[in-house]
Amino acid sequence: MPDNNWNNILGKIRNELSDLAKYVDNAKKGIENLESTVKVSTEKFPEATKHLSAVTGDLESAANNIISILEGLLEEKERAHKLFGKLAAYADHLPAASRAGFIALASDLDSINSKSKANLMDIFSSLSFHDLSGQKLKKVMSAIADVEKKVAELAKTFGFVEGQAVNKETAKGKDAASNQDTVDMILKQMRGKSTT
Amino acid sequence: MLDINMKILVVDDFSTMRRIIKNILRELGYYNVEEAEDGAVAFEKLKGGGFDFVVTDWNMPNMPGIDLLKAIRADESLMHIPVLMVTAESQKENVVQAVEAGVNNYIVKPFTATALKERIDLILEKAKSAQ
């Protein structure tokens, strides 16, 4: 009987060891998979950041081109405004009957010119989309850098690759005030303290 | 004395934003405008003297706008200069921080030429009435 007990115990130990071996084998495979994932990640993250950075640069370049065109148009508008002024001055040389009509015509043309100049200014301010999208892309790049840093730490812990130094600030989740009105309300509330 | 000839420093890390603000200011009649790409460069320029007004972004490398504002308010020769913050940071905590640091007004991007004019006028009016 003691022999049977001993055999039972050995059988149980064998089964336990077999299970443990399977577990270790699975863990090993998992770590191998993790290693390839980490290696791919360490290659892909910098690539993604590089692309995002390029997008920011391209946007800036495009916005600068548009601004240059707008600046040229504004100069032309200013020139047109001066010419309309000179045109109105010719009214003095016209017969009295047609003078008022001529002045009104020059004035209308100048009004159209001013209106389209105002539209150009709106396009100018709309171009700040570049700054806004650029700042958002920077936050995305910062988030990627954070993940990259964690992956690098993981890689270092498991001895896959040397840890890569990644800094960049963490993107903060904050409650955004919806618009200028909200900001103005806050300013109004705080006025009397330190704003002018 | 603050007037249409006042010298304005526009501080933003994006060249496009500096050009946009500069053009809008020019359209509003302010032609004496200089630029700086971050707070540190701006502070150096301000220390050189001659500036009457600062329009600054918040998020910039080297020295962010809020630190520039604090540096201006901490400097005896610069503390009188009005500072208008033009930024994408519209969170309440940012506005409160800027007000506590002594900002004169605050504009959220994107903004219109009219909005910029209104705030500059407001700052100048208050500065004049305080004199």
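The exercises below work through a predicted model, and each is followed by its solution.

**Exercise 1.** Describe the secondary structure of chain A, and state in which order its elements run from the N terminus.

*Solution.* Begin with the inventory: chain A has four helices and zero strands. Then follow the chain from its N terminus, along which the elements run α-α-α-α.

**Exercise 2.** Determine where in chain A confidence is lowest and where it is highest.

*Solution.* Start with the chain as a whole, for which the mean pLDDT is 81, with 87% of the residues of chain A reaching 70 or more. Next, turn to the elements: helix 4 of chain A (residues 180-190) has the lowest confidence, at a mean of 80, whereas helix 2 of chain A (residues 96-126) has the highest, at 88. Finally, consider residues 163-176 of chain A, where the pLDDT is below 50, although this stretch has 26 contacts in the model beyond near neighbours in sequence.

**Exercise 3.** Characterise the burial, surface and contacts of chain A.

*Solution.* First, of the 196 residues of chain A, 26% count as buried, that is, they have under 20% relative accessible area. Second, chain A exposes about 13,500 Å², of which carbon and sulfur atoms supply 59%. Third, among the contacts in chain A with a separation of 6 or more, 74% are accounted for by residues 24 or more positions apart.

Definitions and conventions: Residues numbered from 1 in each chain as written. Chains lettered and ligands numbered in written order. Predicted model: local features only at pLDDT ≥ 70, side-chain atom pairs only at ≥ 80, totals over all residues. Heavy atoms only, no water. pLDDT = per-residue confidence, 0-100. Helix = DSSP H or I, 4+ residues; strand = E, 2+ residues; numbered from the N terminus. Contact = heavy atoms within 4.5 Å. Buried < 20%, exposed > 50% of the residue type's maximum accessible area, 1.4 Å probe, protein only. Areas by Shrake-Rupley, 256 points an atom, 1.4 Å probe, with all protein chains shown as cover.
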